[in-house]
Each structure stands twice: as C-alpha cells, then as structure tokens.
Amino acid sequence: MARKSNAPVNTITRDMNAMCDPVGNVYETVRIIAKRANQIAIETKHELDKKLADFQTQSDNLEEVFDNREQIEISRYYEQLPKPTLQAIKEFEDDLIYWKNPSNM
C-alpha cells in the first residue's frame with residue numbers, strides 16, 4: 001500500500017507566523033506547501049490507478065460487473081489517508097521539504 005503518513009486526518013489550527021519563519025513570507029510558504037500537496041496528490045493518484053488497473057475488465061457487459069472485496073479494501077484505504085494538503089503541511093513542519101528561491105541566488 002501507500003506510504004504511511006503521520007499527518008493528522010483532520011484539520012488543526014496552526015500558528016502561521018511560526019510556519020512562515022523558515023521562509024520569511026506567508027505567500028511563499030503557502031506556495032511551497034501547495035506545490036508539495038500537488039506532488040503528493042499526483043503520486044497517490046498514479047499509485048491508486050496502478051493498483052486498480054488489475055481489476056479492470058475489457059468487456060462492457062453489465063452482468064459481469066461485481067464487487068471485488070480486495071478492490072473495495074484498496075479504495076477504502078486510500079479514502080482514509082490524510083489529504084495531500086495535510087501531508088504537505090506536516091512535511092513542511094518536520095522540515096522534510098527542500099525548496100529554493102531562484103530570485104535569491
């Protein structure tokens with residue numbers, strides 16, 4: 001399955017001033033987190049699509065459609081993961097995201 005994240009599943013209140021300290025700008029902080037959240041969402045989608053591709057059938061016959069227990073478990077697992085934004089915020093707080101500003105070079 002997907003990598004486990006220790007990010008919270010629910011949204012929590014954070015101190016934006018403390019979050020902005022490493023970058024120095026609230027807008028740049030939000031941009032960094034948003035870009036990482038997009039990366040996480042794309043990775044997760046590709047991973048889920050790859051796993052669900054095993055269950056696809058080539059026929060369009062509705063009579064052959066049935067609920068596959070393993071497919072349902074995979075879908076439930078991905079539904080219960082923290083949202084990409086929450087994962088990105090947690091990575092940012094844990095200093096796991098590398099970024100650089102080309103205008104400062």
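Q: What should I know before reading the numbers?
A: Residues are numbered from 1 along each chain as its sequence is written, and side-chain values use heavy atoms, with hydrogens and water left out. Because this is a predicted model, local features need pLDDT of at least 70 and side-chain atom pairs count only at pLDDT 80 or more, while totals for chains, interfaces and linings use all residues.

Q: How many helices and strands does the chain have?
A: The chain has four helices and zero strands. Helices (H or I, at least four residues) and strands (E, at least two) are DSSP runs, numbered from the N terminus.

Q: And what pattern does the chain follow along the sequence?
A: The pattern reads α-α-α-α.

Q: What share of the residues is buried?
A: Of the 105 residues in the chain, 24% are buried. Buried means under 20% relative accessible area, exposed means over 50%, and partly exposed lies in between (1.4 Å probe, protein chains only).

Q: Which contacts join residues at least 24 apart?
A: Among contacts between residues at least 6 apart in sequence, 75% join residues at least 24 apart. A contact means heavy atoms within 4.5 Å.

Q: Switching to salt bridges, how many are there in the whole structure?
A: A search of the whole structure finds six salt bridges. The term stands for a side-chain nitrogen of Lys or Arg within 4 Å of a carboxyl oxygen of Asp or Glu.

Q: Why can such side chains pair?
A: Side chains of opposite charge can pair when their charged atoms come close.

Q: Which residue does Arg31 pair with?
A: Arg31 forms a salt bridge with Glu28, and their closest N and O atoms are 2.6 Å apart. Both residues lie in helix H2 (residues 26–52), three residues apart, which is about one turn of the helix. Arg31 is partly exposed, at 40% relative accessible area.

Q: What about Glu91, which residue is its partner?
A: Glu91 forms a salt bridge with Arg36, with 2.6 Å between the closest N and O atoms. Glu91 lies in helix H4 (residues 84–93) and Arg36 in helix H2, so the pair ties together parts that are 55 residues apart in sequence.

Q: Is Arg36 buried or exposed, and what of Glu91?
A: Arg36 is buried, with a relative accessible area of 15%. Glu91 also counts as buried, at 15% relative accessibility.
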